[in-house]
Amino acid sequence: ALLHEAVYVPIEVTVAPVEPDATTVDALARVQRIAGRLGFEVQLSHASVELCELVELMGLQVALPLSDR
């Protein structure tokens, strides 16, 4: 059987106004999981430095990619 990489349609989500805390990162990870099941990939846009650092600290930088690095 041939394995193929799934292709996901990107969805850019502006996260500038959100609070950079663990609850926010958890919610974004949950949205990403649901989006992935539907063939989409959430890409975070305009993330604060604090939110980016928290996503990295939680080890979710691959699961929650930034659209504007």
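Analyst: The axes of helix α1 (residues 22-37) and helix α2 (residues 49-57) come within 10 Å and cross at roughly 70 degrees. Axes here are lines fitted to C-alpha atoms, for helices over the stretch in contact, with angles from 0 to 180 degrees between N-to-C directions. That makes α1 roughly perpendicular to α2 (65 to 115 degrees; under 35 is roughly parallel, over 145 roughly antiparallel, the rest oblique). The crossing of α1 past α2 is right-handed, meaning that the near helix is turned clockwise from the far one by less than a right angle.

This is a predicted model: local features need pLDDT of at least 70, side-chain atom pairs count only at pLDDT 80 or more, and totals for chains, interfaces and linings use all residues. Residues are numbered from 1 along each chain as its sequence is written, and side-chain values use heavy atoms, without hydrogens and water.

Which residues meet? Ala22, Thr24 and Val25 in α1 meet Leu51, Leu54 and Val55 in α2, where contact means heavy atoms within 4.5 Å. By class, this contact has 5 nonpolar, 1 polar and no charged residues. Ala, Val, Leu, Ile, Met, Phe, Trp, Tyr, Cys and Pro count as nonpolar, Asp, Glu, Lys and Arg as charged, and the others, Gly among them, as polar.

Now the surroundings. The chain has 2 helices and 2 strands, in the order β-α-β-α from the N terminus. Helices (H or I, at least four residues) and strands (E, at least two) are DSSP runs, numbered from the N terminus. Strand β1 (residues 9-14) runs parallel to strand β2 (residues 40-45), joined by 6 bridges; pairing takes at least two DSSP bridges. Isoleucine 11 stands opposite valine 42, and threonine 14 opposite serine 45. Histidine 46 lies in the loop between β2 and α2. Its phi is near 60 degrees, a positive value in a residue other than glycine.
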